[in-house]
Amino acid sequence: MPEIAFIMGKSSSGKDSIFRMLADDKELGLCKVVPYTTRPMRSGETQGVEYNFVDDAQADRMAAEGRIIELRSYNTVHGIWRYFTADDGQIELGNGSRYIIIGTLEAYKKFLRYFGEEHIMPIYIEVDDGIRLERALERERRQQAPDYEEMCRRFIADCHDFSEENIAECNINKRYSNNAAIEQCLSEIRRDIGNMMIN
Ligand SMILES: Nc1ncnc2c1ncn2[C@@H]1O[C@H](COP(=O)(O)OP(=O)(O)OP(=O)(O)O)[C@@H](O)[C@H]1O
């Protein structure tokens with residue numbers, strides 16, 4: 001039975017909200033896996049909470065030790081920032097714990113390769129494009145400096161990243177619709193976690 005619930009979905013599908021609600025659900029008892037980043041800590045962030053903040057040398061060392069499960073690099077105006085998940089003892093399969101993680105489809109593929117398909121439960125959140133764009137726009141409007149161009153870029157990039165071919169290649173057969181109230185989607189996921197994951 002799977003021990004790792006892997007949450008994914010296109011931009012504004014509601015995956016962050018769903019991840020938070022599942023992770024905070026004491027009855028489910030899912031352990032959050034804290035990812036790593038080389039970007040500087042922002043005010044309000046705490047070491048080891050949002051991320052484990054490391055410098056480039058530490059990230060290089062972990063890579064050389066073969067401890068990086070999946071990694072993404074972004075070329076920013078401040079230089080290259082890396083975000084990754086590491087095999088650092090947070091995930092220990094076989095000890096009865098169950099885990100929750102959020103990531104991209106590419107990261108999901110790497111997890112399958114690293115841990116094996118039998119250990120991972122894919123939770124793919126889906127929202128009709130029209131509703132998703134509306135929610136993205138509403139969220140962006142609430143920002144102090146809305147960046148509509150970036151919002152559109154992400155919307156279009158998703159079409160490629162989450163193409164039907166990529167989804168099929170990952171053997172994701174089940175999709176959780178978040179078109180209606182988020183509680184509806186959550187209760188379906190909760191039920192499946194209860195039925196399908198290690199307990
Ligand atoms: N079922 C729902 N009904 C209405 N609004 C929703 C629902 N689910 C999520 N939202 C809202 O949609 C917006 C996007 O949700 P969220 O930030 O969780 O998505 P996301 O997939 O993590 O997006 P991104 O990857 O772009 O950060 C948020 O404003 C959230 O409150």
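Tutor: Here is a walk from that strand out to its sheet, then to the helices, a loop residue and, for context, the other sheet.

Residue numbers start from 1 along each chain, following the sequence as written. The model is predicted, so local features need pLDDT of at least 70 and side-chain atom pairs count only at pLDDT 80 or more, while totals for chains, interfaces and linings use all residues. Helices (H or I, at least four residues) and strands (E, at least two) are DSSP runs, numbered from the N terminus.

Now the strand. E1 covers residues 4-9 and is mostly covered, with six of its six residues buried. Buried here is a neighbour count: 20 or more other C-beta atoms within 10 Å of the residue's own, with 12 or fewer making it exposed and anything in between partly exposed; the C-beta atoms are placed from the backbone. Look at which way the side chains go: Ile4, Phe6 and Met8 point one way, Ala5, Ile7 and Gly9 point the other way, and all are buried.

What sits beside E1 in the sheet? Two strands pair when DSSP finds at least two bridges between them. E1 pairs with E7 (residues 98-102) in the parallel sense, over four bridges.

Step back and you get an open sheet of five strands, in the order E2-E7-E1-E8-E9, with parallel pairing. E2 (30-32) and E9 (175-177) are the edge strands, each pairing on one side only. From one strand to the next, the twist averages 30 degrees. At the E2 end, three bridges join E2 to E7, and those two run parallel.

H1 lies across E1, E2, E7 and E8, and its direction is at about 160 degrees to E7. H3 (residues 105-115) packs on the sheet too, touching E1 and E8, with its direction at about 160 degrees to that of E1. Two bits of bookkeeping go with this: axes are lines fitted to C-alpha atoms (for helices, over the stretch in contact), with angles running from 0 to 180 degrees between N-to-C directions. Contact means that two C-beta atoms, placed from the backbone, lie within 7 Å.

H1 (residues 15-23) also packs against another helix, H7 (residues 182-196), at an angle of about 55 degrees, and their axes are 11 Å apart. That angle makes H1 and H7 oblique to each other. The scheme calls angles under 35 degrees roughly parallel, over 145 roughly antiparallel, 65 to 115 roughly perpendicular and the rest oblique. The residues that meet are Ser17, Ile18, Met21 and Leu22 from H1, and Ile182, Cys185, Leu186 and Ile189 from H7. By class, that contact has seven nonpolar residues, one polar and no charged ones. Nonpolar takes in Ala, Val, Leu, Ile, Met, Phe, Trp, Tyr, Cys and Pro, charged takes in Asp, Glu, Lys and Arg, and polar is the others, Gly among them.

Ser12 is in the loop between E1 and H1. Its phi is positive, about 65 degrees, although Ser12 is not a glycine. Ser12 counts as buried because it has 23 C-beta neighbours inside 10 Å. Asn171 also has a positive phi, about 60 degrees, and is not a glycine either. Asn171 is in the loop between H6 (164-169) and E9, and it counts as exposed because it has 9 C-beta neighbours inside 10 Å.

Finally, the other sheet, for context. Four strands form an open sheet in the order E4-E3-E6-E5, with mixed pairing. E4 (52-53) and E5 (68-76) stand at its edges, each with a single partner strand, so one side of each is left without a neighbour in the sheet. E5 pairs with E6 (residues 79-86) in the antiparallel sense, over eight bridges, and Glu70 stands opposite Thr85 in E6.
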